[in-house]
Amino acid sequence: RVKQTPRSIIIVGGLAVAAKSSVHGTGAVGATAGVQATFTYTLVDQYNNVITQYNRFDQISQTMSIGGANTVTPVCNWVPARGPGNLVCTYTATKAGAYTLTATINGGQMPFTGTITVGPGPIDRAHTVASGPGTTSTPVQAGTLVQFSIQTNDKYGNPCTGPVPPGYALALSFWPAGNPPSWLSQVTSTVQINFQGSGQYLAQYVPDVATTYPIAVQLTYTDCGGSTGVSCNIGSPAQPMNTIVNPGIAATPSTVDALSTTTYVAGVAGALVIHDMDIKSNPRNLASSPGDFTVTFSGPAVVTPTIPNSVAGSFDTYNVPFTLTAATYGSASYTLSVRLAVGGATITGSPQSGIKVNPAATDPNNCITAGSGLIGGSEGSTATFTIQARDHYGNNQLTGVADVFQVSITPPSGSATQPSTGTVTGG
């Protein structure tokens, strides 16, 4: 017998062959952003021997990436406790997405197919973002729907994929700490926050009062101090967001004050007052807009006064002068109508009827005479004629107005009749 024989000989596996080796484990299928994941290589040589210990001659390189970007390099260690041939690799990805794992062993590429899907981590208030028209400083109109989106994200900014988990809730807070404003109950009653999928919500509300709304989007949970606690506010944009709500277009809540009297004198100026308001009764006090309305007096004549610019310092108030010159008699009267220029609807306080206009003072230059006595008559007989008293605008004077007219009769030249003068009192 040969000395020191027989003896045991341990034959270890040769160099690992990529085509015969494999990868397995949950980390080779999916992971959660920010959470360490694990997968294992089982290395096999060309003779199908599972390699029982790491061979320092094996050359292994590997990368994980999303389309060549966001590369993650797993860290691998030989772990005998996991069994023969197990090279255990760990990685922590922070970008959610579908990764491709590429591994090369001794120049050969592992036959791994498929992707590793890294999902978002837990929802994170500081990285949840609101965006859209309702989050900007661009003013909106009272009574209109305000909308914006809320994207829930994890702490790495990855969009969450589902609705907020149990114990969490999204809410809108419309006022800072302190006494609530008068408009709070109205606007909160219109709030809706609806899940749209992929961690995104659509928030909406309808503000009726024209003012500045301090709005905070809040992700509430047990340790944030309650639904109005500032620690509940999301991270972006800066909270609270000041949403400016301006008055809408002129609408029927606009009012015309009752006229100070229902009896005017022809040619004597009167005035009426219009208050410009939107559909929610907000004063339209941002700019003068006299073109919002039309004013018409209809009756013996049609009069359409011009609306001047609004009162200085009060853009929603218009003092409208008017002058009626055609007098009313008997049951006749004027009706005042104030309408919206767009659509023609009458505003509050319109129409106003029963407006009377008396003639102005008698104007001798505008009075007229009539009758046969103006033509002539027989000697010794009585000749008559009438005088119609009228004002400057041609309105017949009212019965009972005691105008005194002086009447002079001058005979023809050479007549024995002497000139005479008398007075006539109207009535």
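## A hairpin and its neighbour strand

In the hairpin formed by β15 and β16, where 2 residues lie between the strands, serine 198 adopts a positive phi near 55 degrees. Strands here, like helices, are DSSP runs numbered from the N terminus, a strand being E with at least two residues and a helix H or I with at least four. The structure is a predicted model, in which local features need pLDDT of at least 70 and side-chain atom pairs count only at pLDDT 80 or more, while totals for chains, interfaces and linings use all residues. Residues are numbered from 1 along each chain as its sequence is written, and side-chain values use heavy atoms, with hydrogens and water left out.

Strand β15 (residues 192-197) pairs with β16 in the antiparallel sense over 5 bridges, and glutamine 192 stands opposite glutamine 204 in β16. Two strands are said to pair if DSSP finds at least two bridges between them. Strand β16 (residues 200-205) also pairs with strand β13 (residues 146-151), again in the antiparallel sense, over 6 bridges, and in that pairing valine 146 stands opposite tyrosine 205.

## The chain as a whole

The protein chain has 1 helix and 29 strands. Of its 427 residues, 36% count as buried, where buried means under 20% relative accessible area, exposed means over 50%, and partly exposed lies in between (1.4 Å probe, protein chains only). The accessible surface of the protein chain comes to about 22900 Å², and 53% of that surface belongs to carbon and sulfur atoms; such areas come from the Shrake-Rupley method with a 1.4 Å probe, and for residues only the protein chains shown count as cover.

Among the contacts in the protein chain with a separation of 6 or more, 64% are between residues 24 or more positions apart, a contact being heavy atoms within 4.5 Å.

Strands of a sheet pair through backbone hydrogen bonds, either parallel or antiparallel.

Between β19 and strand β21 (residues 270-275), which run antiparallel, there are 2 bridges. Threonine 255 stands opposite histidine 275 of β21.

Leaving aside residues up to four places away in sequence, glutamine 239 touches Ile215, Ala216, Val217, Asn233 and Ile234.

The peptide bond that joins glutamine 239 and proline 240 is cis, with omega about -5 degrees, and proline 240 lies in the loop between β17 and β18. A cis peptide bond also joins serine 350 and proline 351, with omega about 0 degrees; proline 351 has its place in the loop between β24 (334-340) and β25 (352-358).

Glutamine 62 is found in strand β4 (residues 60-66) and, with a relative accessibility of 10%, counts as buried. The C-alpha atoms of glutamine 62 and threonine 102 are separated by 5.4 Å, although the two residues are 40 residues apart along the chain. Not counting residues up to four places away in sequence, glutamine 62 touches several residues, among them Phe39, Tyr41, Cys76, Cys89 and Thr102.

Leucine 87 has its place in strand β7 (residues 86-91) and counts as buried at 4% relative accessibility. From C-alpha to C-alpha, leucine 87 and tyrosine 41 are 5.0 Å apart in space, while in sequence they are 46 residues apart.

## Positive phi at partly exposed residues

Asparagine 70, found in strand β5 (residues 69-72), has a phi near 55 degrees, a positive value in a residue other than glycine. With a relative accessible area of 38%, asparagine 70 is partly exposed.

Serine 281 lies in the loop between β21 and β22 (293-298), and its phi is near 65 degrees, a positive value in a residue other than glycine. Serine 281 counts as partly exposed at 42% relative accessibility.
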